[in-house]
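The following exercises concern a single protein chain. Please work through each task before reading its solution.

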Amino acid sequence: MRPFDEDALSAASGFSLAEREAVYHAIMTRRDVRGQFRADPLPDGVVQRLLMAAHHAPSVGFMQPWNFILVKSAAVRARVRDAFASANDEAALMFAGERQQAYRALKLEGIVEAPLGICVTCDPTRSGSVVLGRTHNPKMDSYSTVCAIQNLWLAARAEGVGIGWVSIFREGDLKSILGIPQHIEVVAWLCAGFVDRLYDEPELSVKGWRQRLPLDELVFHDGWGLYT
Ligand SMILES: Cc1cc2c(cc1C)N(C[C@H](O)[C@H](O)[C@H](O)COP(=O)(O)O)c1[nH]c(=O)[nH]c(=O)c1N2
């Protein structure tokens, strides 16, 4: 390992107002997209920038445990959609009464409509069995992969690309369709495609499923449950 090197540091002040506004604009207007995808393919350069954003995410011990399986094949996406449909039937039965009716009315994926699927995985063996920062919590590699997904999601918003995260799968189904080895964790299936319109608020909120919680109620001071 190299000794600490002063020359590796650069000046880092806050962003200009316009730059700050752009960052918050991406954060506040990012949406989970299910139904607004355009059919035209994403240019390779755009996909490359999204992946580069993902690959610059933080990761425990700089483990970079992610892989990205790019799925353009309509046939493969149709199989993934079928796997979703089967799992979604099981999911619906977990809700009772009117809630089940409401669940069934929701659109929860755009796997076939979106021109690109991105399966994001996590390799827990990427840098050996003892990983700096993961020594006492094995989930840290999955959390790192989620950081990569959020980077990609925000970059996508800036590129005019909608992203929809689909998680209603039996993991084994995705592994068998995509040939993913047993020891690799499937973290996300992302539907990706250009969008011309986005909901102003989360679609689940617009459709009455669940509303955003007041931030004040989620912030404690100096201990759990302490509001002041
Ligand atoms: C880990 C994880 C897993 C899923 C999701 C998100 C995340 C973070 N979301 C999207 C989720 O419903 C959405 O983010 C919230 O409703 C908030 O909406 P916005 O993302 O702000 O538009 C999601 N959406 C969906 O339609 N089908 C799904 O299976 C999932 N799964």
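**Exercise 1.** In which strand does Val-71 lie, and is this residue buried or exposed?

*Solution.* The model is predicted: local features require pLDDT of at least 70, side-chain atom pairs count only at pLDDT 80 or more, and totals for chains, interfaces and linings use all residues. Residues are numbered from 1 along each chain as its sequence is written.

Step 1. Val-71 lies in strand 1; strands (E, at least two residues) and helices (H or I, at least four) are DSSP runs numbered from the N terminus.

Step 2. A residue is buried if 20 or more other C-beta atoms lie within 10 Å of its own, exposed if 12 or fewer, and partly exposed in between, with C-beta atoms placed from the backbone. Val-71 has 21 such neighbours and therefore counts as buried.

Step 3. Leaving aside residues up to four places away in sequence, Val-71 touches Val-76, Arg-77, Gly-117 and Cys-119; contact denotes C-beta atoms, placed from the backbone, within 7 Å.

**Exercise 2.** Determine the strand order of the sheet and explain which strands stand at its edges.

*Solution.* Step 1. The open sheet has 4 strands in the order 1-2-4-3, with antiparallel pairing; two strands pair if DSSP finds at least two bridges between them.

Step 1. Strand 1 and strand 3 (161-166) each have a single partner strand, so one side of each lacks a neighbour in the sheet and both stand at the edges. From one strand to the next, the twist averages 25 degrees.

Step 2. Strand 3 is joined to strand 4 (residues 185-194) in the antiparallel sense over 6 bridges. Within strand 4, Ala-192 is the bridge partner of Ile-163.

Step 3. Helix 6 (residues 171-178) packs on the sheet and touches strand 1, strand 2 (116-122) and strand 4. The direction of helix 6 makes about 70 degrees with that of strand 4; axes are lines fitted to C-alpha atoms, for helices over the stretch in contact, and angles run from 0 to 180 degrees between N-to-C directions.

Notes
Contact = placed C-beta atoms within 7 Å.
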